[in-house]
Amino acid sequence: MSQVDLPNPGLRDVPVTEEPLSRKDFASDQEVRWCPGCGDYAILAAFQGFLPSLNIARENVVMISGIGCAARFPYYLDTYGMHSIHGRAPAIATGLATSRKDLSVWVITGDGDSLSIGGNHLIHALRRNVNLKILLFNNRIYGLTKGQYSPTSEPGKVTKSTPMGSLDNPFNPVSLALGAEGTFVARTIDSDRKHLTSVMSAAAAHRGTALVEIYQNCPIFNDGAFDAFKTPDTRDEAVIPLVHGERVRFGNDGAGNPTKGVVRDRATGRLEVVDLTEVSEDDLVVHDAHDEDPATAFALSRLTDAGVLHRAPIGIFRSVSHPTYDDLAREQVETARQGTEDPTEALAGLLSAGDTWAVA
């Protein structure tokens with residue numbers, strides 16, 4: 001292997017491999033154990049197929065997971081990994097990414113794992129902008145523990161833990177990440193392999209914390225939660241595609257032409273969905289994923305239905321370049337080391353620095 005600066009900033013310090021790798025190289029010998037029809041299978045296959053494109057050695061890829069169905073991921077990849085504890089994967093990954101710049105660190109988590117007990121760790125990883133990638137599998141239910149409502153379940157959700165319907169307002173993971181000043185925030189769908197792969201590639205290229213929410217179907221406890229985005233008769237009206245530099249429009253008139261668009265209301269400043277017959281081309285919002293101000297990206301995230309999902313923006317909401325926590329931490333350590341070449345002298349200086357007292 002050789003150490004080179006890749007054109008990919010997110011992998012700048014990770015050694016590349018001189019041997020071409022394939023999907024089989026990243027598949028472990030463990031039996032994959034999810035329920036038949038689970039969206040995790042599609043995500044795993046896409047991820048195993050995507051990893052060789054990074055051109056980095058398997059021993060420099062690390063998967064950190066918490067607890068839940070998605071947390072089995074490290075077992076099914078022939079890389080280093082850790083099946084850690086509930087909600088704490090971002091904290092463990094932060095320590096690893098900060099101490100080892102030669103690793104590509106990925107966090108695999110679910111809506112319950114990351115947004116309930118792990119909510120605090122998630123938002124602090126985002127605000128610190130650690131160079132790690134978070135794949136958040138959102139099936140809007142607790143699958144591993146057999147069907148309780150989760151922090152992303154819609155109000156009124158009837159489950160084993162809410163027999164009369166959930167009273168909670170759900171989190172919008174993209175809104176949450178943008179509110180925490182996430183420098184890369186995206187959303188994709190388990191069944192759209194092309195889009196899923198392109199978003200993961202962009203996340204890997206990003207230097208800093210990248211959060212990718214993946215709509216992932218649970219066929220046992222929440223089947224069909226994302227049918228609107230997958231069924232040919234409804235997906236054109238449900239998916240609001242976000243493409244940097246392009247006007248935000250969607251829908252299908254039967255001939256492949258969009259019928260709806262997103263505009264900013266001049267009175268309130270809010271973003272609204274309108275028929276294209278009611279506005280001019282110039283009125284449509286142009287998506288700028290690189291805007292330093294996350295306000296418009298946040299407003300786009302609010303176009304997501306809060307209840308049963310019938311419509312949501314899909315794509316990269318925000319991708320901006322900010323200093324990363326781990327790079328800054330390593331710079332501090334290096335600066336401290338350069339203060340003196342004698343460790344004993346450095347320690348003595350620290351002990352005698354500032355206010356001191358002589359104890360008789």
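Predicted model: local features only at pLDDT ≥ 70, side-chain atom pairs only at ≥ 80, totals over all residues.
A word on conventions: residues are numbered from 1 along each chain as its sequence is written. Local features need pLDDT of at least 70 and side-chain atom pairs count only at pLDDT 80 or more, while totals for chains, interfaces and linings use all residues, and side-chain values use heavy atoms, with hydrogens and water left out.

Let me start with the helices, where helices (H or I, at least four residues) and strands (E, at least two) are DSSP runs, numbered from the N terminus. Helix H2, residues 89–99, and helix H4, residues 119–128, have axes that come within 8 Å and cross at roughly 35°; these axes are lines fitted to C-alpha atoms over the stretch in contact, with angles running from 0 to 180 degrees between N-to-C directions. On the H2 side the contact (heavy atoms within 4.5 Å) is made by Pro90, Ala91 and Thr94, and on the H4 side by His121, Leu122 and Ala125.

Turning to the loop between helix H1 (39–50) and strand S1 (61–65), we find Ala57 there. Why does Ala57 count as buried? Because its relative accessibility is 4%, and buried means under 20% relative accessible area (1.4 Å probe, protein chains only). Its C-alpha atom is separated by 8.7 Å from that of Val14, which is 43 residues apart from Ala57 along the chain.

Finally, three strands form an open antiparallel sheet in the order S8-S9-S10, with S8 (249–250) and S10 (271–275) as the edge strands, each pairing on one side only. Strands pair if DSSP finds at least two bridges between them, and S8 pairs with S9 (residues 260–264) over two bridges; Phe250 has Lys260 in S9 as its bridge partner.

Note on methods: Buried < 20%, exposed > 50% of the residue type's maximum accessible area, 1.4 Å probe, protein only.
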